[in-house]
Amino acid sequence: MKQPWPAHLAELDQILALGRSVWCVNGRGDGLERRLEPAITAAAREAVAAAPPAAQDHLLVAWAAAYGRSPDPDKVFHEVIRAIEDIACPLVEPSKAQGGRSTLGTVIGELRNNSFTKWELLLPGHEGQPRDITHLVGMLELIWHAQVSRHGGAPKSRRQDQTEAQTVVHLAATVAHWLSSGVLRRKANP
């Protein structure tokens with residue numbers, strides 16, 4: 001028997017909006033998520049749509065864990081890092097990625113060690129030339145080092161909090177978009 005649920009999603013979302021609910025129907029239509037400014041949600045969805053399918057799945061799970069009815073900040077960080085690795089590892093370290101030896105940490109190391117010789121950002125700098133990748137490496141490091149829930153028993157290990165999770169999912173959407181759309185590229189003449 002076909003469920004009436006999908007036919008009524010728009011109506012339900014409208015009722016929630018008219019009632020000024022903090023909840024709205026999520027993008028997959030299978031649950032509710034915290035209502036955000038529509039432009040923010042649209043930008044995040046656009047960034048996720050630009051990513052490869054495996055990364056999209058991780059980003060959607062991270063978004064649901066950040067803004068869904070059952071928040072899980074630790075899961076947000078886990079999924080965000082996996083999404084970025086799904087995009088960055090084959091791009092930056094293709095031979096390591098095939099062997100399963102590439103991680104966000106090794107990608108950061110490769111980019112940092114070869115930032116001025118092999119890589120550039122499509123975004124122009126002051127002189128109109130492609131920009132160096134320092135800012136992108138900084139964003140990757142910010143995500144990686146912010147995951148304090150990764151290693152149990154470490155002196156600084158603790159559960160992630162909700163604000164951290166919501167912040168990192170937006171940063172990850174931007175990074176995923178940059179990596180998926182060619183903003184990071186190899187220099188033509190390294």
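The model is predicted, so local features need pLDDT of at least 70 and side-chain atom pairs count only at pLDDT 80 or more, while totals for chains, interfaces and linings use all residues. Residues are numbered from 1 along each chain as its sequence is written, and side-chain values use heavy atoms, with hydrogens and water left out.

The chain holds eight helices and five strands, taken as DSSP runs numbered from the N terminus (helices H or I, at least four residues; strands E, at least two). Read from the N terminus, the order of elements is α-β-β-α-α-α-α-α-β-β-α-α-β. Along the principal axes, the C-alpha atoms fill a box of roughly 55 × 45 × 35 Å. Of the 190 residues, 36% count as buried, that is, under 20% relative accessible area with a 1.4 Å probe and protein chains only (exposed is over 50%, partly exposed in between). Contact means heavy atoms within 4.5 Å; among contacts between residues at least 6 apart in sequence, 56% join residues at least 24 apart.

Helix α6 (residues 104–113) packs against helix α7 (residues 134–146) at an angle of about 155°, and their axes are 10 Å apart. Axes are lines fitted to C-alpha atoms, for helices over the stretch in contact, and angles run from 0 to 180 degrees between N-to-C directions. On the α6 side the contact is made by Leu104, Gly105, Ile108, Leu111 and Arg112, and on the α7 side by Val137, Leu140, Glu141 and Trp144. These residues divide into six nonpolar, one polar and two charged, where Ala, Val, Leu, Ile, Met, Phe, Trp, Tyr, Cys and Pro count as nonpolar, Asp, Glu, Lys and Arg as charged, and the others, Gly among them, as polar.

Rings of Phe, Tyr and Trp (its six-membered ring) pair if their centres lie within 6.5 Å; planes under 30 degrees apart are stacked, over 60 edge-to-face, and the rest tilted. This rule gives one aromatic pair. The ring centres of Trp63 and Tyr67 are 4.7 Å apart and their planes lie at 45°, so the pair is tilted. Both residues belong to helix α3 (residues 53–67), four residues apart, about one turn of the helix, and both Trp63 and Tyr67 are buried.

Ala165 lies in helix α8 (residues 162–180) and counts as buried at 0% relative accessibility. Leaving out residues up to four places away in sequence, Ala165 touches Ala66, Pro73, Val76 and Phe77.
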